[in-house]
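The following questions and answers concern the structure shown below.

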Amino acid sequence: MQTVQPRSLPLRLPRVRPGGVLPILLILAVLLVLVGIRQPDFLAPPSLMSFLGRSAPIILLAAGQYFVIVSGEFDLSVGSLVTAQVVVAARLIDSDPARTWPVVLLLLAFGALVGLVNGLVTTRLRVPSFITTLGMFLILVGAVYLWSDGAPKGGLSEEFRRFGRRAFEDVPLLGRVPYALLVLVVLAVAAVLLMRSDFGRTLVAVGDNPRTAELSGVRVWRTRTIAFILSGLAAAVAAILLGGYSGVSFQAGAGLEFGAITAVVLGGVALGGGRGAVVGAMLGALTLELLFALMNFYGVSGALRSTVQGGIILLAVAVSATRSSSR
Amino acid sequence: MSDPRPVPLLTLRGIGKSFLGVRVLDGVDLDVAPGEVHAVVGENGAGKSTLMKIVSGGYTPDEGTVEFAGEPRTFRGPRDAQRAGVGIIHQEFNLLPERTVAENVYLGHEPVRRGLVDRRGMLDRTRQLLASIGETALPADARVGQLGVAQQQVVEIAKALALDARLLIMDEPTAALADHEVELLYGLVRRLQERGIGLLYVSHRLAEVFDLSGRITVLKDGRRVTTVDTADATADELVRHMVGRELSSYYPDRADADDPGPVRLSVRDAGNRKLRGVSLELRAGQVLGIGGLQGSGRSALARALFGVSPFSTGEVTLAGKPVRLRSPRAAMRAGIAYVTEDRKAEGIVPRQSVLDNALLASRAVFAARSGHAARTERVRELLAAVEVRAAGDDQEIRFLSGGNQQKVVLARWLALNPRILLFDEPTRGIDVGAKSAIHNLIRRLAQDGAAVLMISSDLPELLGMSDRIVVMRDGRIAGELPAGATEEDVMALAVGTVREAAA
């Protein structure tokens, strides 16, 4: 038992509690210093802005993954969902600008639908989410190949691509602000507000102890299904930004699910749910991207990316596991 | 069967055991002769299970000696005890459902021929073993998962015999059996006796104890109260030994018995998988205590009323109107709150703040009804009113003491203004100070017009708090007692008044 102090301490010291964002901020700061030493130009507004814009998709995916993980589940399907979205968008738009907005809406609906199916299969049919979303991953990969006969067809319209690669030019102080960054900021604020709402607090409670939540009147299945839908929506937005930025390929989303999970874990979110902040998850993604940029500056082979990711996952989970068992 | 007893098979002298400074066994003596059935009885928490674990090698005693077959022994683990000849049949069986009877019986010590498992030999030996205890009807090659509970129990016993057990411990062996299966178990126990096997028979059910045992040892609060020859014992006397303690603590005043409040909830002849023919009434202003042994259906009753495992038959009316409580949400909407027995597993979300824990139910069910700020303010007031002691609203609840956690859980429910409150062991694992605070809260809620149902294994609490007491046994209501009933009255109903059956 902790020392019991009088109630209500208005004084707020920065708290290093498990699941807080302080550790990830420190790591990010260290990386920024290292980048600053090696490549000072990188921290100048123009390149920093475009770095942030480039990182927007993985940060959004990390936020989506966060909702699922904090509720006690996993979503392995987001990478292949991104690929599917990009390929589908190219084929449906077929370079016709008039189809841009209908297809954007369709992609969002598609993402939500995939999330809904993941959620319902996991919660109602009681298939472990690890398996559900792995199955969804494979289904999407196969379906995309089948639907496009082995090679991406059609093409994205310029109107579609601008989300991922255009920017507001000549912004005072910052210079160039990518649209993707703007989308990111808006959605990040929305995610933070969501986590402060009744739904957000309930979502974390479900991940912490679903039995208690159920016996307190929470519809656990519904809450978790919404988390999967949010992850699917995040994948849709990420796909729109990524398609614009790097174009159409079967590799568009490859490996993104692991990137997102690594970012979430790095951000101090407990695997198994119940602890961690969505800001932490997004900062985790940013940190991961910065780390890759740093590796690039130091001439480390890009082939090591997945090794580094794997190492981070193991390390982060080990650290959080020993911390929670030794408290 | 009080023949002169030969050399004891098992002799326990002065056994003591503590967990985290809590003394659960203190100076217990006990012996079992070959061919004797020695019953051990006592309330929940009297120390029966701990004692059995010491005999079967699960725990080592802090004090005292264990002699088995005339030699002092310290079992270093269950396998050690098994090798020495002590078998234990747990309430929960330890069988592999996908394997055959023979494979289960010889699991871990399969007969081997030329380096391979001798399947035929194993089957033959299993058949012989089963035949020797009169169980010829049980096929040795049947898959265990297809057998009924009673037959699985036979497999467990055969498993112990295959290891040459000379002492068998049976922990509540009839708990999972149907009535006609109990008869079969009796026969089996007698045949084991004839083989000279000593039996330690732990049971809540006095009828069985009288039917089967030669001697009975009564445990209470970790001590041996007495050991009696079954032939000389009476059920009343045993019950008195099992309870019998002075009512010392203070409890708040009861409701006025002459002026009962209106009926808030009534249950008529309701049942489900665990309950049968349950009828009772909860009245505004009253605390209805629910007594009974573990597994008698007390929690099942609360869970049925709260819609967790709803009634499948019968009728529930709320303030005169029939209702169907199909889920916790439905129950909550009907004004029912449920404080669970297992606080850690079902009561708290451990890593969330005190405030988030207290808001959990309001957020889940009545989210749209009131403004955020007003609701949070009200919950803060409730937390202060129930006197939660914490470093702050944002402290994680797992760092609080059990009593403070329970107060937070209570605040969670009070935020919904429930008119019916179900408490399952409200003060289990809670220190004395917080205990009486919770007692006072429960009584105050009743005074404010709530109808309270309170399940308790703590007899002084049950007697001290309740305006009426309903005692359950085997999923049914065994009887109802008015305020002022004694511990003996409750225990007699809980274990069944059985003198006729034994006579």
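Q: Which residues are linked with D198(A) and R201(A) in a network of salt bridges?
A: The model is a predicted one. In it, a network of salt bridges takes in residues of chain A and chain B. Besides D198(A) and R201(A), the linked residues are D356(B), R363(B) and R375(B).

Q: How far apart are the closest N and O atoms of R363(B) and D356(B), and are these residues buried or exposed?
A: R363(B) and D356(B) form a salt bridge, and the two also belong to the network that includes R375(B). Both residues are buried. The closest N and O atoms of the pair are separated by 2.8 Å.

Q: Why does E281(B) count as partly exposed?
A: E281(B) meets R283(B) in a salt bridge, with an N to O distance of 3.7 Å. Partly exposed residues fall between the 20% limit for buried and the 50% limit for exposed. R283(B) is in this class because its relative accessibility is 23%. E281(B) is partly exposed because its relative accessibility is 24%.

Q: How many salt bridges does a search of the whole structure find?
A: Side chains of opposite charge can pair when their charged atoms come close. Over all chains, the search finds 35 salt bridges.

Q: How far apart do the centres of the positive and negative side chains of chain A lie?
A: Chain A carries 26 positive and 15 negative side chains.

Q: Why is chain A as compact as a globular protein of its length?
A: Chain A contains 13 helices and two strands. For its 327 residues the globule rule gives 20 Å, and the chain is as compact as a globular protein of that length because its radius of gyration is close to this value. That radius of gyration is 20 Å.

Q: What share of the residues of chain A count as buried?
A: Residues under 20% relative accessible area are classed as buried. Of the 327 residues of chain A, the share in this class is 47%.

Definitions and conventions: Residues numbered from 1 in each chain as written. Chains lettered and ligands numbered in written order. Predicted model: local features only at pLDDT ≥ 70, side-chain atom pairs only at ≥ 80, totals over all residues. Heavy atoms only, no water. Helix = DSSP H or I, 4+ residues; strand = E, 2+ residues; numbered from the N terminus. Rg over C-alpha atoms; globule rule 2.2 N^0.38 Å. Buried < 20%, exposed > 50% of the residue type's maximum accessible area, 1.4 Å probe, protein only. Lys, Arg positive; Asp, Glu negative; His and termini not counted. Charge placed at Lys NZ, Arg CZ, Asp CG, Glu CD. Salt bridge = Lys/Arg side-chain N within 4 Å of Asp/Glu carboxyl O.
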